[in-house]
Amino acid sequence: MTTEPVITLRGVRAELGSRPVLRGIDLTVHRGEVVALLGANGSGKSTAVRTVIGQVPFTAGEIELFGAERRRFRDWARVGYVPQRTTAAGGVPATVTEVVSSGRLARTRFGLFRKGDRAAVRRSLELVGMADRAKDSVDALSGGQHQRVLIARALASEPDLLIMDEPMAGVDLASQEVLAETLRTQVGQGATVLLVLHELGPLEPLIDRAVVLRDGCVLHDGPPPKAVGQHALPGHDHVHPHAPADAGPIRTGLLS
Amino acid sequence: MEILDYAFMQRALLAAVLVGVTAPAVGVYLVQRRQALMGDGIGHVAMTGVGLGFLLSWSPVWMAAVVSVLGAVFMELVRWYARTRGDIALAMLFYGGMAGGVMFINLAPGGSTSNLSSFLFGSLSTVSPSDVTAICVLAAFVVLVTVGLRRQLFAVSQDEEFARVTGLPVRFLNLLTAVTAAVTVSVAMRVVGLLLVSALMVVPVAAAQQLTRSFAATFAVAVAIGVSVAVGGTVTSYYQDVPPGATIVLLTIGAFILLTALAAPLARRRARALAAARPGPDPAECSIPASRPADGKVGA
């Protein structure tokens with residue numbers, strides 16, 4: 001494994017509506033590495049990824065992609081991005097193939113598709129086991145199938161770097177297996193992966209390094225934390241005590 | 001066909017065909033972005049252009065095109081920079097545009113609000129040869145953009161965040177969509193009228209969606225519906241002496257209702273064909289994994 005950095009963040013700060021979300025993040029992902037970005041809700045892990053792809057502006061620090069300054073980076077075909085779900089359904093029906101084809105645009109000139117581009121779209125659908133649904137509307141898919149389509153879309157440009165924001169959220173078990181297998185294949189072919197995860201889950205064996213964020217700062221950067229105590233039991237279902245089951249509905253006094 | 005003997009009807013029908021093509025062609029992207037009412041807003045802004053055209057004795061179609069393009073660019077800028085207070089800014093733009101139109105047309109020598117009426121609701125007899133030239137040029141631009149850049153516009157309208165990571169110039173494409181919608185409003189103004197133009201952008205797309213599963217098919221069917229109702233409405237308007245804009249819009253809504261009624265049996269037939277095509281055990285009673293609901297929607 002070479003140590004050529006694929007993603008570099010140095011002292012990155014970002015704000016959402018004047019509220020600081022990232023307070024100086026340092027993060028380097030090297031070629032061929034699989035890095036998980038962990039942290040509680042609101043810790044800034046999604047925002048960190050979104051500054052890398054340019055969706056959220058950063059107010060201080062430096063970001064580099066493949067050694068190039070992010071603002072100057074143009075080789076987007078090398079990056080495959082899987083956003084947090086819910087964004088792939090528009091107001092007009094679209095087929096699985098149409099959605100996945102969007103991912104191939106980076107490899108085409110003026111959006112003209114050649115034979116090789118159609119083949120690449122088909123191949124990425126086969127990778128996630130959705131080739132038989134190619135002509136179906138994405139509205140007719142389950143949550144897990146939908147996620148597989150979004151991953152196929154990211155793979156369509158045959159990227160060297162995969163950035164995924166919570167790829168396992170709300171995905172059924174069968175699809176989780178397919179996703180883990182797809183990711184394993186990509187990693188085996190030398191892909192670099194940056195994943196935002198709520199918990200390690202079925203991807204745990206693939207992950208080289210975990211970076212844990214809290215309140216917009218890096219808390220831990222090293223080997224993935226091992227589950228301890230009760231959490232390590234096989235079949236442990238990780239449930240957070242965010243909302244006690246016996247809590248009554250919130251009464252604001254406005255209506256009652 | 002005596003209807004084609006009159007030069008004004010030839011012009012009106014040509015304009016109707018172009019409106020029928022361009023309005024749904026832009027509308028499909030607006031609906032996909034969930035900005036179905038954008039055309040309506042631009043229509044209001046275009047009134048200032050019409051008023052200015054009267055005041056300065058320039059072509060109202062070209063002036064409407066210029067002013068509505070500026071308005072559309074402004075709306076796009078508001079969307080970037082003022083996401084939270086954007087609706088207030090847009091409301092001011094819309095009503096300012098309408099008030100400006102009424103004001104300018106009354107300032108024009110011999111002008112009064114009644115001059116506006118043919119622009120608001122469409123009129124066949126007033127499509128002049130110079131209007132037809134303007135409409136042809138503007139419609140060519142709209143078709144070039146909506147067909148030539150369909151993959152790029154689809155990607156941006158579907159998922160802006162992802163489109164940015166494919167390296168597409170997202171802001172430019174958003175701006176281009178807004179400008180193209182503005183140009184379409186000026187194309188459609190003479191036949192359908194500014195207040196009804198948005199209906200021809202949105203309703204054919206909504207009607208087409210009842211039958212289609214793909215974006216490409218929705219685009220094609222919406223344009224087919226658009227051309228049919230625009231030509232049908234124009235011809236009806238000629239024979240029955242009713243206003244063309246209202247006729248076209250009512251026909252479009254009729255098409256929507258008809259296709260919605262057809263959609264349910266069609267979806268059932270499609271599901272049966274699908275079940276027949278897929279080998280393996282077919283659960284006759286409990287068909288949860290194999291079938292989709294009649295409306296084809298699963299919340300995700």
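Reply: Helices (H or I, at least four residues) and strands (E, at least two) are DSSP runs, numbered from the N terminus. Read along the sequence, chain B then gives the pattern α-α-α-α-α-α-α-α-α-α-α-α, which amounts to twelve helices and zero strands. The radius of gyration of chain B is 21 Å, close to the 19 Å from the globule rule for 300 residues, so chain B is as compact as a globular protein of that length. That radius is taken over C-alpha atoms, and the globule rule is 2.2 Å times the number of residues to the power 0.38.

This is a predicted model, in which local features need pLDDT of at least 70 and side-chain atom pairs count only at pLDDT 80 or more, while totals for chains, interfaces and linings use all residues. Residues are numbered from 1 along each chain as its sequence is written, and chains are lettered from A and ligands numbered from 1 in the order in which they are written.

Along the principal axes, the C-alpha atoms of chain B fill a box of roughly 80 × 55 × 30 Å. Of its 300 residues, 49% count as buried, meaning that 20 or more other C-beta atoms, placed from the backbone, lie within 10 Å of the residue's own. Two residues are in contact if their C-beta atoms, placed from the backbone, lie within 7 Å. Among contacts in chain B between residues at least 6 apart in sequence, 73% join residues at least 24 apart.

An unreviewed UniProt entry annotates "transmembrane region" over several spans of chain B, including residues 132-150 and 215-239; such annotations may be inferred rather than shown by experiment. In the model, residues 132-150 of chain B are 95% helix and 0% strand, with end C-alpha atoms 26 Å apart. Residues 215-239 of chain B are 100% helix and 0% strand, and their end C-alpha atoms lie 36 Å apart.

Now the contact with the partner. Chain B contributes 32 residues and chain A 33 residues. On the side of chain B that touches chain A, at least two residues each come from α1 (7-32), α7 (150-158), α8 (160-165), α10 (197-209) and α11 (215-240) of chain B. The largest share, six residues, belongs to α7(B). By class, this side of chain B has twelve nonpolar, eleven polar and nine charged residues. Here Ala, Val, Leu, Ile, Met, Phe, Trp, Tyr, Cys and Pro count as nonpolar, Asp, Glu, Lys and Arg as charged, and the others, Gly among them, as polar.

Methods:
Buried ≥ 20, exposed ≤ 12 C-beta atoms within 10 Å, placed from the backbone.
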